[in-house]
Amino acid sequence: MTQPRAFSLRHKLLIAGLGAIILLVSLLAAPTSPALTQAVPVAEAEAESVTASNTGHPENATSPAHQDEQRDEQPDDNTLARTVQPGDTLSEIFQSGNVPLSDLRQIIKADTEYLDLETLRPGTELTLAFDPDGNFSALELRLDPARKVAYTKQSDGSFEYRKYEADTRWVSEVIRGRITGSFYASAVRSGLTRAQVLLIDQLLGSKLDFSRDLRVGDTFSVMVGHELIGPDSTGNTRLDAIALNRRNTTLYAFRFDDGNYYDENGESVSPAFLRWPTSKRYRVSSPFNRNRLHPVTGRRRPHNGVDLATPIGTPVLSTGDGIVRRVGNHPYAGKYIDIDHGGSHTTRYLHLSKVLVSTGAQIRRGQQIARSGNTGRSTGPHLHFEFHIKGRPVNPLTANIPTAASVPAAEAARFAEKAEQQMAVMRHAASRSELLLSEAPSLFE
Ligand SMILES: [Zn+2]
């Protein structure tokens, strides 16, 4: 999926300005609006280690002034920062830092439950750290400007994984468009990404036929949220609200705090999920357990999914509509698939024998995407299945998955208030293109 990685200064200012005004509207309308505090959640287990000041940006550590002052007190400043270049492999990077490949193998093993190393691409920043004796001690990986992970060597030679997340905030812009051909082409022309258009199709597809029911001249407004850290984009976006205006009616979808989408009456429009990734239920051979302890070391070694005792070749079904985000082959996780279900949900399927889809493919709920297997480092044939909500793994067999339900009664008033604000913003806020034409953006008439 391609998403904007960075914004021009002008974009930043415009987005910040828009965000400030939207936040101001929220403030005026609802002092406790969750939009103000809706930073990406940080797992409790990781929260204590997360502050903006101790994330140790390598550029600070290597600035000459800093080194001159503190050279003697900072023996652990021994780091090697690298930006991944096209064609680079991790083993080449480790070899160029004289790091034993046995350490890399241990790191890959520690990454099995996360697969963050699989996201390495040109431009990714990573840091190799060494102890005062010059022995390799840690690998740090910057996932985006707000998130990094570290693999730190333990006394037994294994590596411990930790994730660090800085506080971020979301600001919204409004993208407007007019149907002049297909909805897809019109929406992409207005500035929406392919993934965003497909999500709109999923959310409103049950209420209209996009190829038949739209006419030239129908319009749409979409609030797109951008995640920021300081003035910088993290590259993460989301759809906050959608309005599709046909001749006499407007169809809406609003993203609520639970990550699900609802119409203006609070009825769910998120496509429902299947609970199981197989057509029949198999025995659970290993349950989901975020706090599983290693039997020997006693260290936390989470099991972020559920293992189902599927014989090799069992059809594996996508539990929801979505887009294939990643197909990979990991030394420990084996052949695997990640599916992005839009909004806040992703699923992951490991140890497959055969993958039947490719990255970027659009998938329907219940579609066969693979056959189960025993690939990677696996103790026997099984399917490891994960379900993530807002980036956090949850128990797929018990999690609160989107079903055809409405906003809980206790939240109904807050939902209605937020939806009304978003309707007003979509109606009145200047769109991105209008903003770009205007030196001093005036967002409301
Ligand atoms: Zn498993």
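In what order do the 5 strands of the open sheet stand, and is their pairing parallel or antiparallel? The order is 1-2-3-4-5 and the pairing is antiparallel, where strands are DSSP runs of E with at least two residues, helices are DSSP runs of H or I with at least four, and both are numbered from the N terminus; two strands pair if DSSP finds at least two bridges between them. Strand 1 (79-83) and strand 5 (159-165) stand at the edges with a single partner strand each, so one side of each has no neighbour in the sheet. Neighbouring strands are turned by 15 degrees against each other on average, direction ignored.

The model is predicted, with local features requiring pLDDT of at least 70 and side-chain atom pairs counted only at pLDDT 80 or more, whereas totals for chains, interfaces and linings use all residues. Residues are numbered from 1 along each chain as its sequence is written.

Strand 4 (residues 147-153) is joined to strand 5 by 7 bridges, and Tyr-151 has Tyr-161 in strand 5 as its bridge partner.

Strand 19 (residues 383-389) is mostly covered, with 6 of its 7 residues buried (20 or more other C-beta atoms within 10 Å of a residue's own, C-beta atoms being placed from the backbone). Antiparallel pairing joins strand 19 to strand 12 (residues 306-308) through 3 bridges, with His-384 as the partner of Asp-307, and to strand 16 (residues 345-355) through 6 bridges, with Ile-389 opposite His-345. Strand 20 (residues 392-394) is likewise antiparallel to strand 19, through 3 bridges, and the two form a hairpin with 2 residues between them, Lys-390 in the turn having a positive phi of about 50 degrees.

Note on methods: A residue is buried if 20 or more other C-beta atoms lie within 10 Å of its own, exposed if 12 or fewer, and partly exposed in between; C-beta atoms are placed from the backbone. Axes are lines fitted to C-alpha atoms, for helices over the stretch in contact, and angles run from 0 to 180 degrees between N-to-C directions.
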